[in-house]
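Got the sequence and the 3D view open? Let's go through them with a few questions.

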Amino acid sequence: MTYTLWEIARHINAELHGDPKCEIKNIGTLEHATSGEISFLSNNRYTHFLESTKASAVILKAEHLDSCPVHALVMDDPYLGYANVARLLYPDVIAEPGVHIKADIHSTAEIHSTAHIGPYVSIGSNTKIAANVYIGPGCVIGDGITVGTNSRLIANVVLCDGVEIGERGILHPGVVIGADGFGIANDNGKWLKIPQVGSVIIGNDVEIGANTSIDRGALGNTIIDDGVKIDNQVQIGHNVHIGEHTAIAGCVGIAGSTKIGKRCMIGGAAGISGHLEIVDDVIIMAMTGVANSIRKPGIYASGVPAMEAKIWRKNIATYRHLYTLSSRVNKLEKK
Amino acid sequence: MTYTLWEIARHINAELHGDPKCEIKNIGTLEHATSGEISFLSNNRYTHFLESTKASAVILKAEHLDSCPVHALVMDDPYLGYANVARLLYPDVIAEPGVHIKADIHSTAEIHSTAHIGPYVSIGSNTKIAANVYIGPGCVIGDGITVGTNSRLIANVVLCDGVEIGERGILHPGVVIGADGFGIANDNGKWLKIPQVGSVIIGNDVEIGANTSIDRGALGNTIIDDGVKIDNQVQIGHNVHIGEHTAIAGCVGIAGSTKIGKRCMIGGAAGISGHLEIVDDVIIMAMTGVANSIRKPGIYASGVPAMEAKIWRKNIATYRHLYTLSSRVNKLEKK
Amino acid sequence: MTYTLWEIARHINAELHGDPKCEIKNIGTLEHATSGEISFLSNNRYTHFLESTKASAVILKAEHLDSCPVHALVMDDPYLGYANVARLLYPDVIAEPGVHIKADIHSTAEIHSTAHIGPYVSIGSNTKIAANVYIGPGCVIGDGITVGTNSRLIANVVLCDGVEIGERGILHPGVVIGADGFGIANDNGKWLKIPQVGSVIIGNDVEIGANTSIDRGALGNTIIDDGVKIDNQVQIGHNVHIGEHTAIAGCVGIAGSTKIGKRCMIGGAAGISGHLEIVDDVIIMAMTGVANSIRKPGIYASGVPAMEAKIWRKNIATYRHLYTLSSRVNKLEKK
């Protein structure tokens, strides 16, 4: 598919500087784009690639217009512009409707005629698959499940009994929704498993990354609200509630019964303890450990950045008895 | 299934305060339970929900009896009481025995007549599946494996050649048991793979969470003893040995050849280095890094809790040269 | 298979001390090896097992020769010796060629006649599977993929459309290659998905551990160079580039667009932020957070090792206002 720069400018609401008839077929990075491709500049780390770019046009902020050697589309948020151009140039491919002859569908399951069910998919009793849903090879869909319109389960996704997936969801390979939560009680030194009788309710427009797991509730449900975006290898415990439009980066772990607000951003490999409450609009930086509720919007962190190992070793040696350092300073001050 | 409060009190060994004939059908949280449901109070964070609960009865400690507006079952450990009521009200569902017509079973595999084998399961040569085992859709069971009585592999679980699963095990979707450990030797700047010829031996009553992986031994076996409970997204390296009744929360990583004792509790996202020994009854808090053996029972930690980012930045700046702070205090003290 | 000690010494290029005709059938650990088995000593933690070993022979450094009670093979790197003996004694098993009757292969896919395709594998259009490739049960291979000679996908591996796997690769169960990267742009408080139109290119001799995920590029490709070894549960974001012969331990997360050099070693559960550059020959210790580019070879760390919880609590209390401690010392010094 090809668009003129004028069509693209109008689509992403940018100010056009250059030839409106220039034809754009693809997107490329500033560094590697060639003729017929549009690029963008939003991260200042890449500004030095601008002057030598071979792209036909670049989406950028007004402040970079003068340094741009090619056609330009100016807007406040070039990254959003890039997103919208990418969605224009690379629309979703619609899969052929129909149930693969090598799928195993329970007689009571309701599969919409426009849905695509791939090979080696199994679908349990009383499960409802809505219009235009894509279920790729090897997915295991249990009993009593609903999958909403236009949702896509790419491959080898497991939905356990009773879970609900909203509309336009995207579940990447290896995702597991609705496995039992980690519910155990100690009985004289042995662990007793507690039946996990809640479910998982996932709203609309939720994307869930590869090999991420979201446990079913112990009692009541685990809830992921509309517009939440979750990266790969994330673990979400039972009865967690994630508010609308919160984004969670890779390798994050969220322990049971924690409630996270709307529009939060959780950095990679952060860990959040159980039974906490985190209000709306909280940003948690990568590798942060959250052990207490956060009641005020803002940015929080606790990660320790890398240093040369010989410095690190000396710092750790001091850190091991940091509290004594504090009391030594106390004493000195009293003198 | 419905039980009277009297039956429940007797089952969980609690002191009944209220109507013994009150009928209980379900369990609910203090906040959301309704008539016909029993609830429990064990975490003090939720005490404020007690006075307005709509549950028919609450399991609680003696100290909360006076504040309870409904029938009560008093015991020292209400969480254990809840666990036992849940097991009473929600017993395991027994799957229909038989091998699904769309499963692929090697001619030398022995499948007990009471076992359930789902669709798209493959089972290799000389593998033995015991009585009442449940193997859900998409599981891959290699050669020479044994799965003990009453164990359940939910879906898309992979057991590699030769691994042994005990009785009453539960393996959640995406679990991988017996993949090769990370055994490589450096040969002039290139890595040489070392064949991993040990196996994985998993005892009885072990539960393993979604997308968790346990590697086979390099030489000798990786061993998970009876009663161990492992949450989701956990990584256990080759030749690790986990002692009886140890519980491991989500996202933990345990490197090769480490030996962990009995009845340990390992918090979420903790990391444990290789070749260590951790004695019995050790508690490791969430996000702790364990770099040395632990030879004394007790509680250990190293996680840094979140703080506001502007404070964090200043602390990190000081931390980067913490050892100099220590020597500066030394000097001041000498004066 | 049995070899004489003389054959083994020659194979691993070691100096033989003892009976050249001694027959070796297996490898065992110093602690557990028995007659007919060879062992090795490379980690000093295990030196105390040497004097009582029941192995027929031990591979060790010259410095341990005098303490060795049995035949010895002396060399500078006994671990490399062990690796080479293991490869000699336990060669790869070659699977029977052919496509399983219960596999689903697109008519345009090209499967080499020597390849093994297991049950419940699906292979998409225009995909090319080279000679001697092993694709185990439940793997999902999309469209337009190439898998190079002698590569092995053990079970339930997912390759998304267009990815390229080199020769002699090993992909363990649950691996996901080429899922969409975490590309989202904020549009007035809602997240807009950005199509991920790059791919993943994996070189030769790459091993990838269980449940690891490597995302496809947003624009351009994610690239894993020859000889890279990746452990389990690792997350590699879109457009990451990993240089030749770099080794990455379990539970590591690498965020998007980061470039890692050759021959690096990344310890378990380390986290590396996005858009960074790490030069060749960098060692990053376990649980380190890398927030900035590393431009100098060397060893880097930031993990905090476990301490007793009561000490930890006091240290954290001081750490929370560490910057004030620094300024208090400043003041004292000025007096």
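Q: By what turn can chain B be laid on chain C?
A: Two copies of a chain are related by a rotation about an axis and a shift along it. Here the copies are superposed by least squares on the C-alpha atoms of residues with pLDDT of at least 70 in both. Chain B goes onto chain C with an RMSD of 0.0 Å and a shift of 0.0 Å along the axis, and the turn is 120°.

A quick word on the source: this is a predicted model, where local features need pLDDT of at least 70, side-chain atom pairs count only at pLDDT 80 or more, and totals for chains, interfaces and linings use all residues. Residues are numbered from 1 along each chain as its sequence is written, while chains are lettered from A and ligands numbered from 1 in the order in which they are written.

Q: Which element gives the largest share of the side of chain B that touches chain C?
A: Residues are in contact if their C-beta atoms, placed from the backbone, lie within 7 Å, and this contact takes 60 residues from chain B and 62 residues from chain C. Helices (H or I, at least four residues) and strands (E, at least two) are DSSP runs, numbered from the N terminus. Among the elements giving two or more residues to that side of chain B are β39 (298-301), α3 (309-319) and α4 (322-334). The largest share, five residues, comes from α3(B).

Q: Which residue of chain C stands opposite B:Ala301?
A: Strands pair if DSSP finds at least two bridges between them. β39(B) pairs with β40 (residues 307-308) of chain C in the antiparallel sense, over two bridges. In β40(C), the residue opposite B:Ala301 is C:Met307.

Q: Are α1(B) and α2(B) parallel, perpendicular or oblique?
A: Their axes (lines fitted to C-alpha atoms, for helices over the stretch in contact, with angles from 0 to 180 degrees between N-to-C directions) come within 9 Å and cross at roughly 120°. Angles under 35 degrees count as roughly parallel, over 145 as roughly antiparallel, 65 to 115 as roughly perpendicular and the rest as oblique. So α1(B) and α2(B) are oblique.

Q: Which strands stand at the edges of the open sheet of five strands in chain A?
A: The order in this sheet is β2-β7-β6-β5-β4, with mixed pairing. Each edge strand has a single partner, so one side of it is left without a neighbour in the sheet. The edge strands are β2 (15-17) and β4 (26-27) of chain A.

Notes: Contact = placed C-beta atoms within 7 Å.
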